[in-house]
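Colleague: I have a protein model open and would like to learn how to read it feature by feature. Could you take me through it slowly?

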Amino acid sequence: MSISSALNNALTGLNAAARGSEIIANNVANSQTPGYTRRSLELTASVTNGAGTGVAVAGITLNQNTVTLASRRLADADVGFAGTSGGALSRLVGALGIPGEASALASRAAAFEAALNGSVNDPASTAGQANLANTAKAYVSAINQIARETREVRQDADAEIAAQVTTLSTELESIEDLNADIKSITISGGDPSALIDQRKLAIDRIADIVPLKTVSRPDNSVALFTREGGILLDGSAGQLDFAASGLITPDMTLAAGSISGLTLNGRPVTIGDGTGSGRLDGGSLSALFGIRDVTTPAFNEKLDALAQDLIQRFEDPAVDTTLVAGDPGLFTDNGSAYDALNQSGLAARISLNAAIDPAQGGDLWRLRDGINAAVQGNVASSTILSNMLSATTRTQSAPAAVGIAAPVNVAGIAAELTGQITSAQFQNDSRQAYSAALQTSLRETESGQSGVDTDTELQRLLLVEQAYSANARVISVVDGLIQRLLEI
């Protein structure tokens, strides 16, 4: 080896060591920076005319495992789905109340039954009649409140869909711009690592909205697909469109076109229909569509069916002999008898008959003597009250929409409905716990693969310093040799 080649080799070694120390320093400085991926220097042998001429910097490697990253992002989507669904179910369960609590729907039904039983035993008691009217009114008020909360859950889901679609569109456009910048820097021979980290953060910000699959292109750009094959970005970002509906009534459905669906590049996208086969299914966005289009409408149908059962039990002339077919009974549809053609939204309209509600000018004695009685009857008569108690406690088939196979009474149907939603919440909580545990495990694995361990970086720095010293020693020796040659 000639003196010049030895000097050249040492100089390339010094340059590589300086670049390596710079990268290590950058790693340490960004050890706590969110989304930062550890860098390492990639070196290669420099060869000229078949002879080695030292080392060359081949590039900078981002230390990340693409399989772990992809799995973690899918776990993010699962957590987003379960968390969003769980939030809606928690609100419905909260509206129904926990059985045993005085304000719970099942407790209100039981209190109504107990008040009826008290009036049967003492039909002359005005206080007992007042208690019966109050508990009946409290029960239907609870049904009204649950219906209102269900509507609000649905409206909130619709508004959040609009917000998430906006976020998704904004981030996709940002990723498209970053792709272009990264491609330009790569072609010019620069280091796009910082922009790649920014793109990684942008993708992570939408990973819980839709489940993502990332495909790398040769120019360092990426394409984004959903788990079910939907194209979100491939060259250019997909155009997502959705229009928030504002006020949503129970009769408004996606199938009828009264509320907005989601479109991608102008084409309707199936999402959140409960089958799990939609092109964008799996993240929080599909959970929101499921809440708006499946969960709350189905729950509202059950609640309407509960109100139907309650109204029909007490408008039967066999229960109150002062009624004729078509007359409203103890409970009404906003003052009218039950109408099968006006089922939607019944739970929000059910009310206590004004004829027995003093607050609406009614008379309590009609509970005992009949809603349409002309005058007060025998204060000791409990016939109609007994009939109402029998109607309350009688087990019968519930309307099909409730989804209860076994015959139930008034308190039973309220308890069964509460149990159904509580069970759905429990199942979702189990899914959420599993998804969160998997996400945590994958995040820890990802951190070990792409995160910065400052102790390891300092150890690498010692090796770089040793390489620097060795190359500096070579230069020193070469300098000494040249000095001796000049002295000869």
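**Reading the core, the pairs and the surface**

Modeller: The largest nonpolar core has 86 residues, and the ones with the most contacts inside it are L285 and F331. Helix α4 gives the largest share of this core, 17 residues. Please keep in mind throughout that this is a predicted model.

Colleague: What is the general idea behind such a core?

Modeller: In soluble globular proteins, nonpolar side chains tend to be buried together. For the case here, take L285, which touches I161, Q164, V165, L168, I209, V210, L262, I271 and L280, when residues up to four places away in sequence are not counted.

Colleague: Is V140 buried or exposed, and where does V140 lie?

Modeller: V140 has its place in helix α4, and because buried means under 20% relative accessible area, V140 with its 2% counts as buried. Leaving aside neighbours within four places in sequence, V140 is in contact with L310, F331, I350, S351 and L352.

Colleague: How should I read a pair of aromatic rings?

Modeller: A pair of aromatic rings is described by the distance of the centres and the angle of the planes. In this structure the count comes to 4 aromatic pairs. In one of them, F112 with F314, the ring centres are 5.9 Å apart and the planes stand at 70°, and because an angle over 60 degrees counts as edge-to-face, the pair is given that name. F112 lies in helix α3 (residues 105-121) and F314 in helix α6, so the pair ties together parts that are 202 residues apart in sequence. Both F112 and F314 are buried.

Colleague: Which pair does F289 form, and what kind of pair is it?

Modeller: F289 pairs with F242, and since their centres are 5.7 Å apart and their planes at 85°, this pair is edge-to-face. F242 sits in the loop between β7 (240-241) and β8 (262-264), whereas F289 sits in helix α6, so the pair ties together parts that are 47 residues apart in sequence. F242 counts as buried at 16% relative accessibility, and F289 counts as buried at 1%.

Colleague: Which residues do ring pairs link into a cluster?

Modeller: The cluster consists of F112, F314 and F331, linked by ring pairs. You have met F331 already, as one of the residues with the most contacts inside the largest nonpolar core.

Colleague: Let us turn to charged side chains. How many salt bridges are there?

Modeller: A search of the whole structure finds 22 salt bridges. To read one, look at the closest N and O atoms of the two side chains, which for D76 and R443 are 3.4 Å apart. This pair links distant parts of the chain, since D76 is in helix α2 (residues 66-96) and R443 in helix α10 (residues 410-450), 367 residues apart. D76 is buried, with a relative accessible area of 4%, while R443 counts as partly exposed at 41%.

Colleague: Which residue does R91 meet in a salt bridge?

Modeller: R91 meets D156, with 2.8 Å from N to O. R91 lies in helix α2 and D156 in helix α4 (residues 126-187), so the pair ties together parts that are 65 residues apart in sequence. R91 is partly exposed at 29% relative accessible area, and D156 is partly exposed at 41%.

Colleague: Are D158 and R292 buried or exposed?

Modeller: Both D158 and R292 are buried, and their side chains meet in a salt bridge of 2.9 Å, N to O. The pair links D158 in helix α4 to R292 in helix α6 (residues 284-314), 134 residues apart. Elsewhere, salt bridges that share partners join R72, R73, D76, K200, D204, R443 and E446 into one network.

Colleague: Finally, which residues make the nonpolar surface patch?

Modeller: The patch, of about 680 Å², is made by I3, V477, L481, I482, L485, L486 and I488. Its largest share, 5 residues, comes from helix α11 (residues 454-487). L485 is found in helix α11, and at 52% relative accessibility L485 counts as exposed.

Technical notes: Residues are numbered from 1 along each chain as its sequence is written. This is a predicted model: local features need pLDDT of at least 70, side-chain atom pairs count only at pLDDT 80 or more; totals for chains, interfaces and linings use all residues. Side-chain values use heavy atoms; hydrogens and water are left out. A salt bridge is a side-chain nitrogen of Lys or Arg within 4 Å of a carboxyl oxygen of Asp or Glu. Helices (H or I, at least four residues) and strands (E, at least two) are DSSP runs, numbered from the N terminus. Buried means under 20% relative accessible area, exposed over 50%, partly exposed in between (1.4 Å probe, protein chains only). A nonpolar core is a set of buried Ala, Val, Leu, Ile, Met, Phe, Trp, Tyr and Cys residues joined through side-chain atoms within 4.5 Å. Contact means heavy atoms within 4.5 Å. Patches are made of residues with over 30% relative accessible area and no salt bridge: like charges are joined within 9 Å, nonpolar side chains (Val, Leu, Ile, Met, Phe, Trp, Tyr) within 5 Å. Accessible areas come from the Shrake-Rupley method with a 1.4 Å probe; for residues, only the protein chains shown count as cover. Rings of Phe, Tyr and Trp (its six-membered ring) pair if their centres lie within 6.5 Å; planes under 30 degrees apart count as stacked, over 60 as edge-to-face and the rest as tilted.
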